[in-house]
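This report walks through one protein chain, from single residues to the whole fold. Keep the viewer open while reading.

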Amino acid sequence: MRVLKFGGSSVSSSKNIKSVVNILENNIKDDQIIVVFSAIGNTTNLLLSSAKKAENNDESFKNDLSEIENNHYTIIRELISIDKQSSLLASIKVQFNCLENILKGVLLTQELTNRVLDKVLSYGELISSSIIAEVLINKNINIALKDSSELIKTNSNYGNAKVILDISYKLIKEYFEASKQTLTVLPGFISSNEDNIITTLGRGGSDYTASIFASALDVKQLEIWTDVNGIYTANPKIVKQAYPTKNISYSEALELSHFGASVLYPPTIKPVFNKKIPVYIKNTFNPSHIGTLISDKKGIEDGQLKGISHIDNISLLTIEGIAIQGTPGFSKRVLGVLGDNNINVILITQASSEYSICIAIDSKDAEKAKRNFDDDFTYELSIKTMKPIVIEYDMAIIALVGEGMKEREGTSGKMFGTLGKNNINIRAIAQGASERNISVVIDNKNIKKALNSLHECFFETHTKQLNLFVTGVGNVGGKLIEQIRKQQEYLRDELHLQIKVVALSNSKKILYNYDGIDLDNWKQNLIKADDYNINDFLACVKKANKRNSIFIDNTASEIVSEQYIKYLENNISVVTCNKIACASQYGNYKSLKSISIKNRVNFLFETNVGAGLPIINTLNNLISSGDRIRKIEAVLSGSLNFIFNEFKGNVSFREVVTQAMEQGYTEPDPRIDLSGIDVARKILILARESGSLMEIEEIENDSFLPIGCQKTNSVDDFYKKISENEFHFDEMKNKAKKEGKAMKYVASFEKGKAKVGLQYVDKQHPFYNLEGKDNIVLFYTDMYKDQPLIIKGAGAGAEVTASGLFADIIRIGNKEL
């Protein structure tokens, strides 16, 4: 004998009921079957709504009732032939008439007791089981339809009645000893008290109904059929990477269901636990899937964590004071206040100092709990040996569950570290001596991020997800997005990184999709996106509240750079090719680095110097290894190197500058490059990374530009002044040619001083043959005294800069903070 239970989603339509019938036809070939049905999908919600409306004197309850009727009549007409419908339709109509009369009574009295509500809600399961029984009869299956409320007896706690198991088991056994049908159909959820008045077993109680019958009859297995492939490692609606676990223990199932795993109603496990009856969680719409087995057997997954669950809308009550310390029975008194007022304690923890107790309860009970505490502890509060009770609303409990925690050292530390790294503050912690469950209380707003980050940490052993928020999608930003798009499969398969672009913006529009932007069509979608505001972008990142979030700045905007500190303070890493922040006042630079270290996030700016060249990373490695920088000499402007390399023959200086800009080697405003300020910022950053406290004003800038070019108000005016001063540039070109030297814009740092300016280098100098837009850096250190460490390569261009940004992103993905 087996017991099967089908939930509301399994019987929500005629199509779904056909799937259920097929499953039952396949099962009755081998065994005697008891099948328990929930109400047809959404019926219970509509019944509850109609009752509340009637209580509030709202006659629109009739609309809800009409919707329920139509849903059921539609299923009857689609599943049962016309010649066999009339008797069932008449029977169902009688039940709906009774239901309507009850609701009219509620409307007249404007009173809805729990007893009346139980009666109203019971119609859902009674009607659904009647309809499906008739469908089975029409399939020539030998069935019996029995009212569960006649067999399951409870107390009179309407709404969530307590089952009297000995009486219920006796009635169930007597009935089935006399019944010989192949298949028995039972409505779930409903029961009755000793006066035969309808009671219910609580929302989700149909699972419990099935479990009671399974235990009473010592069946060989209980099957809970739902709309998912078993018990998942986390809620798959919140954690897309969640997957069904093959087997879990009774204890693990109890823990997961208690902490919100909606597939299973918490009391379900208790009746089958003592009898060691295995429970299978199966999918009605994928019946061949193995599902999840709940049993006491030690399977191949033993030693592993089994799932993460959560309960939202929790309030945390904190009781503090010296009255608690060393007072025997104080905790009992606290729990007594809650128990006497039917307030369920979900989590409790007490400091070892015995100075405070934290209790997590359902938010709807918070005010009632506080009132009762204030009444019961009036004396302690009056003499101030207890502080006023503090209530924190909008909290949630996250529970990490698994028997395997006993064998896994450091599980708690890993859990807390993962949450901390993602800026999720823990308000309370509880862990039993069994080490089967670690529970933490956090803000409701962080549920999604917490579940995803913990799931990634404990269950996705090979894949780490990075969530990118990209501002600036011009030359560099556009290339970066294209590189990410092309490399997604490689990153996932080879580096086990999943990179999602969650938001991107230009100066006018902001596009976001919290599940990830389609990188094939982002340009078209950005045109139609919302208007951009710099504060909106930060708000978007905070609202997304994603784990492993990275803000990427591809602009040259000072306003954007001023936002970095806000991102870092919110535990969001920053990757930037914008030099302004690192070249701003030293205090700001230092603060950004300090906050990133404090909050254990990344502030990476490799592309500030040398585009994609590993200059800053190499410098950091030298210093970390104990080396000391003696001197830096470098050509740090790919754009200026390109300009001076191409400035020969009859080509004018203006033509070369225009060519450099068109090829994306200069900043959008070429004055930044040609004035030397861009190079000054770069050598400043290298000096600071070497340990110097230097400010930009301390760098000597020997500009090659005439005064007139230096004092222009626009790019157009700058080009005009270049044309007017071509003779000056020709003199520079002729001097280099005459002396057999090359013009290079050189930056140097030595003995705490830095300088940038044009130099004429001879053929023996390492800079002489530097081609195109290449950069070169010479590091003279304690270890590299005579022959410097040389880094050389392309130092300008959107493609290589984007590549450098991409490398920083991958560094974060590969880095375990």
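Ser 168 is buried, with a relative accessible area of 0%. The cut-off for buried is under 20%, so Ser 168 falls in that class. The model is a predicted one.

Ser 168 sits in helix H6, which covers residues 165–178. Beyond the four places on either side in sequence, Ser 168 touches Leu 151, Ile 152, Lys 153 and Val 163.

## The chain as a whole

The protein chain holds 29 helices and 29 strands. The radius of gyration is 36 Å, whereas a compact globule of 817 residues would have one near 28 Å. Along the principal axes, the C-alpha atoms fill a box of roughly 115 × 75 × 55 Å.

Of the 817 residues, 55% count as buried. The chain exposes about 35,900 Å², and carbon and sulfur atoms supply 47% of that area. The charges number 97 positive and 98 negative. Their mean positions are 2 Å apart.

Which residues touch the most other members of the largest nonpolar core? They are Phe 653, Leu 674, Ile 683 and Phe 704, in a core of 79 residues. Helix H25, residues 677–689, gives this core its largest share, with 7 residues. A second, separate core has 63 residues, including Val 36, Ile 238, Ala 396 and Leu 400.

## Buried residues in strands

Glu 223 lies in strand E7, residues 221–226. Is this glutamate buried or exposed? Glu 223 counts as buried, because its relative accessibility is 4%. Outside the four places on either side in sequence, its contacts are Arg 2, Val 3, Leu 4, Lys 5, Asn 27 and Tyr 280.

Ile 143 belongs to strand E3, residues 143–145. At 13% relative accessibility, Ile 143 counts as buried too. Ser 179 is 36 residues from Ile 143 along the chain, and their C-alpha atoms are separated by 10.0 Å.

## An exposed strand residue

Asp 394 is placed in strand E14, residues 390–401. Its relative accessible area is 53%, so Asp 394 is exposed. The cut-off for exposed is over 50%.

Which residues does Asp 394 touch, not counting those up to four places away in sequence? They are Ile 314, Ile 442, Asp 443 and Asn 444. Thr 182 is 212 residues away along the chain, and the C-alpha atoms of Asp 394 and Thr 182 are separated by 50 Å.

## A partly exposed isoleucine

Ile 565 is found in helix H19, residues 564–569. With a relative accessible area of 25%, Ile 565 is partly exposed. Partly exposed is the range between the buried and exposed cut-offs.

Neighbours within four places aside, Ile 565 is in contact with Ser 591, Leu 592 and Ile 595. Asn 588 is 23 residues from Ile 565 along the chain. Their C-alpha atoms are separated by 8.9 Å.

## Positive phi in two loops

Asn 342 is not a glycine, yet it has a positive phi of about 55 degrees. Asn 342 lies in the loop between helix H10 (330–340) and strand E12 (347–350). Asn 342 counts as exposed, because its relative accessibility is 70%.

Lys 751 also has a positive phi, of about 50 degrees, and is not a glycine. Its place is the loop between strand E26 (742–750) and strand E27 (753–761). Lys 751 is at 76% relative accessibility and therefore counts as exposed.

Terms used:
Residues are numbered from 1 along each chain as its sequence is written. This is a predicted model: local features need pLDDT of at least 70, side-chain atom pairs count only at pLDDT 80 or more; totals for chains, interfaces and linings use all residues. Side-chain values use heavy atoms; hydrogens and water are left out. Helices (H or I, at least four residues) and strands (E, at least two) are DSSP runs, numbered from the N terminus. The radius of gyration is taken over C-alpha atoms; the globule rule is 2.2 Å times the number of residues to the power 0.38. Buried means under 20% relative accessible area, exposed over 50%, partly exposed in between (1.4 Å probe, protein chains only). Accessible areas come from the Shrake-Rupley method with a 1.4 Å probe; for residues, only the protein chains shown count as cover. Lys and Arg count as positive and Asp and Glu as negative; His and the chain ends are not counted. The place of a charge is taken as NZ of Lys, CZ of Arg, CG of Asp or CD of Glu. Contact means heavy atoms within 4.5 Å. A nonpolar core is a set of buried Ala, Val, Leu, Ile, Met, Phe, Trp, Tyr and Cys residues joined through side-chain atoms within 4.5 Å.
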